[in-house]
Amino acid sequence: MRQIRARATAVILAASVWAAPALSETPYEYFSVGAYEDAAGAADALETADGHAFAARALLAEYATADEPASGELLRRAQASAEAALALEPDHAEGLMQLAISLSMQARPMSVREAMASGNGERARELAEMVLDADPNNYYAHGFLAVWHVEVRRRGGALGASVMGASVKKGRAHYERCAYLAPDNASLHWQYGRALIAHNPQKFGAEAQEALDRALAANTDDHLEATSQARAALIADLLASDVRSASERAAEML
């Protein structure tokens with residue numbers, strides 16, 4: 001039981017553009033073209049909660065969009081920036097979300113024992129639910145939890161999902177709300193489609209394809225969204241020709 005619970009803690013949602021904090025134009029300009037280190041440096045230098053949270057977002061985007069596996073140091077730096085935001089404003093919504101994402105990403109490569117000891121998955125869920133308690137229409141938190149539920153069900157199996165209170169049904173409800181609130185966000189559609197295909201492409205392939213189609217139809221105006229859209233196209237092509245390869249590839253991708 002403890003091992004199942006540990007496997008269920010490793011969940012992920014790549015960073016995505018969300019409600020714009022009050023920053024100067026410079027961090028946004030860097031972010032939009034994929035200069036994430038510059039965006040993080042400019043944002044952290046502001047020494048505000050908005051700045052630190054945006055820096056975390058940029059570092060997570062750098063990690064998520066890397067062509068090759070990125071260093072875990074990026075995730076630790078993102079966590080530090082998110083925690084700096086929360087030190088200034090404990091209820092800062094984006095700070096809470098970026099911390100949730102950084103913890104989930106750090107859990108992904110952990111062994112069962114390491115994941116169990118970290119408790120990252122459960123804490124990440126709690127952080128996202130805190131955001132929804134304050135703002136039920138926060139689409140970023142809904143998108144995160146949509147993937148959280150599907151990933152926990154996949155990794156923990158039926159018993160592990162039961163222990164964690166996770167289910168595809170709950171994930172679907174979060175995604176439907178997210179899609180209603182943010183219909184043009186390629187990253188959030190891509191992540192949900194990816195999670196479903198990684199879990200069970202035979203059972204959820206049609207539902208996943210709908211999410212991928214939404215990602216492909218979205219207007220993309222920055223590097224992160226364009227990368228998400230390109231990955232959605234890749235998985236959609238694989239799903240049409242080789243379901244098993246699509247599932248395996250989706251499980252690897254961010």
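In the classification used here, Ala, Val, Leu, Ile, Met, Phe, Trp, Tyr, Cys and Pro count as nonpolar, Asp, Glu, Lys and Arg as charged, and the others, Gly among them, as polar. On this basis, the lining of the largest pocket in the predicted model comprises 10 nonpolar and six charged residues, with no polar residue. The space in this pocket amounts to about 420 Å³. Its lining consists of 16 residues, of which Ala66, Asp67, Pro69, Glu252 and Met253 are the closest to the centre. Helices α4, α13 and α14 each contribute at least two residues to the lining of the largest pocket.

The overall fold of the protein chain is built from 14 helices and zero strands. The order of elements along the sequence is accordingly α-α-α-α-α-α-α-α-α-α-α-α-α-α. The protein chain contains 254 residues, and 53% of them count as buried. Among contacts in the protein chain with a separation of 6 or more, 68% are between residues 24 or more positions apart.

Helix α12 spans residues 201–217 and bends by about 40° at glutamate 207. At the start of α12, a side-chain oxygen of asparagine 200 lies within 3.3 Å of the backbone nitrogen of glutamine 202. The buried residues of α12 are Pro201, Phe204, Gly205, Ala208, Ala211, Leu212 and Ala215. These buried residues pack against four helices, namely α10 (168–181), α11 (186–199), α13 (223–241) and α14 (243–252).

Alanine 43 lies in helix α3 and is buried, since its relative accessible area is 0%. With residues up to four places away in sequence set aside, alanine 43 touches Pro27, Gly51, His52, Phe54 and Ala55. Beyond its neighbours within four places in sequence, alanine 124 is in contact with Ala100, Ser104 and Phe144. The C-alpha atoms of alanine 124 and serine 104 are separated by 6.4 Å, although the two residues are 20 residues apart along the chain.

Glutamine 79 is located in helix α5, which covers residues 72–88. The relative accessible area of glutamine 79 is 17%, and glutamine 79 is therefore classed as buried, because that term applies to values under 20%. Apart from neighbours within four places in sequence, the contacts of glutamine 79 are Leu99, Ser102, Leu103 and Gln106.

Glutamate 47, by contrast, is exposed. This residue occupies the loop between α3 (36–44) and α4 (49–65). The phi angle of glutamate 47 is near 55°, a positive value in a residue other than glycine. The relative accessible area of glutamate 47 is 62%, and the residue is therefore assigned to the exposed class, for which the value must be over 50%.

How values were computed: Residues numbered from 1 in each chain as written. Predicted model: local features only at pLDDT ≥ 70, side-chain atom pairs only at ≥ 80, totals over all residues. Heavy atoms only, no water. Buried < 20%, exposed > 50% of the residue type's maximum accessible area, 1.4 Å probe, protein only. Bend = angle between axes of the 7 residues up to and from the residue. Contact = heavy atoms within 4.5 Å. Polar contact = N/O pair within 3.5 Å; in protein donor to acceptor, adjacent residues only side chain to side chain. 1 Å grid on protein atoms, 1.4 Å probe; cavity = no way out; pocket = protein on both sides within 12 Å on 5 of 7 lines; lining within 4 Å. Points joined across faces, edges and corners; volume = space filled by probe spheres on them.
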